[in-house]
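Student: Could we go through this model by question and answer, starting with the backbone and ending with the ligands?

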Amino acid sequence: MTQDTVRPSGAVAPPAPASDWSLVLPLKPPALAKTRLAPFAGAHRADLALCFALDTVAAALATPGVARVLVVTRDAAAGARLTALGATVVGDEPGGGLNHALAHGAAAALALAPHAPLATLSADLPALRPAELARVLAAVPPTGRAFLADTPGLGTTLLACTPGNPLAPAFGDGSRERHAAGGARELRLAGVDSVRRDVDTGADLGEALALGVGPHTAALSARLGYSPAPPSGRR
Ligand SMILES: Nc1nc2c(ncn2[C@@H]2O[C@H](COP(=O)(O)OP(=O)(O)OP(=O)(O)O)[C@@H](O)[C@H]2O)c(=O)[nH]1
Ligand SMILES: C=C(OP(=O)(O)O)C(=O)O
């Protein structure tokens with residue numbers, strides 16, 4: 001992590017933005033994931049979950065300042081697709097759900113790069129844009145922990161910790177409040193909708209399509225006839 005730099009004049013320069021981020025993304029086996037999409041997507045739910053992850057990981061890998069992307073999953077087929085994109089796949093250990101998986105992924109990231117800042121990012125952000133993610137990472141204060149709320153404002157899509165601070169993930173229903181109560185600073189930025197628009201329901205997918213999704217989700221959505229902002233009957 002960078003430290004304040006004393007210039008010859010004696011003035012203290014602000015710390016340079018970190019450019020060595022490790023990102024950890026969790027992925028449930030697609031066949032088990034995104035159950036809230038079932039009323040909308042039926043049998044295509046698992047394919048959509050995989051497409052969301054492929055688009056999220058591809059955008060994360062293309063983000064300036066991101067040095068490595070780790071995906072925590074126990075799904076071998078999804079893991080192979082994500083490895084081919086350039087991600088490092090870590091097994092989903094010790095079991096017991098999302099926060100255990102994230103803590104395990106964070107430990108693996110620290111083993112690879114002990115001094116790098118670390119962020120976890122949901123793998124269901126198919127509209128994710130590298131420039132917006134770069135802005136969010138650049139806004140993380142140089143010390144402590146920080147998070148970004150999801151679009152509805154109840155959950156969290158990104159939780160970051162700088163070196164020396166534990167990630168302490170507290171994802172799940174109402175995680176925005178928990179992360180704030182746990183001392184993480186909320187990042188309040190305009191214009192980063194693609195980092196906040198996680199997709200849990202058909203309505204969410206309609207909003208993501210309106211933002212513009214990555215190629216995997218776009219192709220499958222086109223094939224299935226999904227369009228931006230679907231009418232309420234399809235939600
Ligand atoms: N590795 C791992 N990832 C998980 C686990 N639970 C959730 N995730 C991932 O965490 C992110 C956020 O999870 P949710 O939005 O709750 O996704 P979900 O559990 O597939 O969705 P629902 O079935 O609708 O609750 C997604 O990228 C999930 O794939 C877990 O136990 N292990
Ligand atoms: C896991 C979370 O949310 P969701 O299940 O709604 O994606 C969260 O926001 O912490």
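**Backbone, sheet, core and ligands**

Tutor: K34 is buried, because 22 other C-beta atoms lie within 10 Å. The model is a predicted one.

Student: What is the phi of K34, and in which loop is K34 found?

Tutor: K34 is found in the loop between β3 and α1 (38-41). K34 is not a glycine, yet its phi is positive, at about 55°.

Student: A168 also has a positive phi. Is A168 buried, partly exposed or exposed?

Tutor: A168 is placed in the loop between β8 and α6 (175-181). Its phi is about 50°, although A168 is not a glycine. The cut-off for a buried residue is 20 or more other C-beta atoms within 10 Å, and for an exposed one 12 or fewer. A168 has 17 such atoms, so it is partly exposed.

Student: Where is A43, and is it buried or exposed?

Tutor: A43 sits in the loop between α1 and α2. Its C-alpha atom is separated by 21 Å from that of R74, 31 residues apart along the chain. With 7 other C-beta atoms within 10 Å, A43 is therefore exposed.

Student: Which peptide bond is cis, and where does its proline lie?

Tutor: The proline, P94, lies in the loop between β5 (88-90) and α4 (98-112). Omega is near 0° for the cis bond, which runs from E93 to P94.

Student: What is the strand order of the seven-stranded open sheet, and which strands are at its edges?

Tutor: The pairing in this open sheet is mixed, and the order is β5-β4-β3-β6-β8-β7-β9. Each edge strand pairs on one side only, and the edge strands are β5 and β9 (185-186).

Student: How many bridges join β4 to β5?

Tutor: V72 stands opposite V90 in β5. Strand β4 (residues 66-72) pairs with β5 in the parallel sense, and the number of bridges is three.

Student: Which residues of β3 are buried on each face?

Tutor: In a regular strand, side chains alternate between the two faces of the sheet. Six of the six residues of β3 are buried. Both faces are covered: one side has W21, L23 and L25, and the other has S22, V24 and P26.

Student: Which residues does A53 contact, leaving aside its neighbours within four places in sequence?

Tutor: A53 is among the core residues that touch the most other members. Leaving aside those sequence neighbours, its contacts are L27, A78, L82 and A123.

Student: Which residues of helix α5 are buried, and which elements are among those that cover them?

Tutor: The helix α5 spans residues 130-138, and its buried residues are E132, L133, A134, V136 and L137. An α-helix has 3.6 residues a turn, so residues three or four places apart point the same way. The cover over the buried residues of α5 includes β3 (21-26), α2 (45-61), β6 (118-121), β7 (145-149), β8 (156-161) and α7 (193-196).

Student: How many nonpolar, polar and charged residues are in the shell around ligand 1?

Tutor: Ligand 1 is surrounded by 17 residues, and the closest are P26, A33, T35, R36 and A123. By class, the shell has seven nonpolar, four polar and six charged residues.

Student: How does the shell around ligand 2 divide by class?

Tutor: The residues around ligand 2 are D150, G155, T156, F171, G172, S175, D198 and D200. By class they divide into one nonpolar, four polar and three charged.

Student: What does the UniProt annotation say about residues 54-151?

Tutor: Over residues 54-151 the chain is 43% helix and 19% strand, with the end C-alpha atoms 21 Å apart. The annotation comes from an unreviewed UniProt entry and reads "domain: MobA-like NTP transferase".

Conventions: Residues numbered from 1 in each chain as written. Chains lettered and ligands numbered in written order. Predicted model: local features only at pLDDT ≥ 70, side-chain atom pairs only at ≥ 80, totals over all residues. Near = placed C-beta within 6 Å. Nonpolar A, V, L, I, M, F, W, Y, C, P; charged D, E, K, R; others polar. UniProt positions renumbered as here; feature names shortened; annotations may be inferred. Helix = DSSP H or I, 4+ residues; strand = E, 2+ residues; numbered from the N terminus. Contact = placed C-beta atoms within 7 Å. Core = buried A, V, L, I, M, F, W, Y, C linked by C-beta atoms within 7 Å. Pairing = 2+ DSSP bridges.
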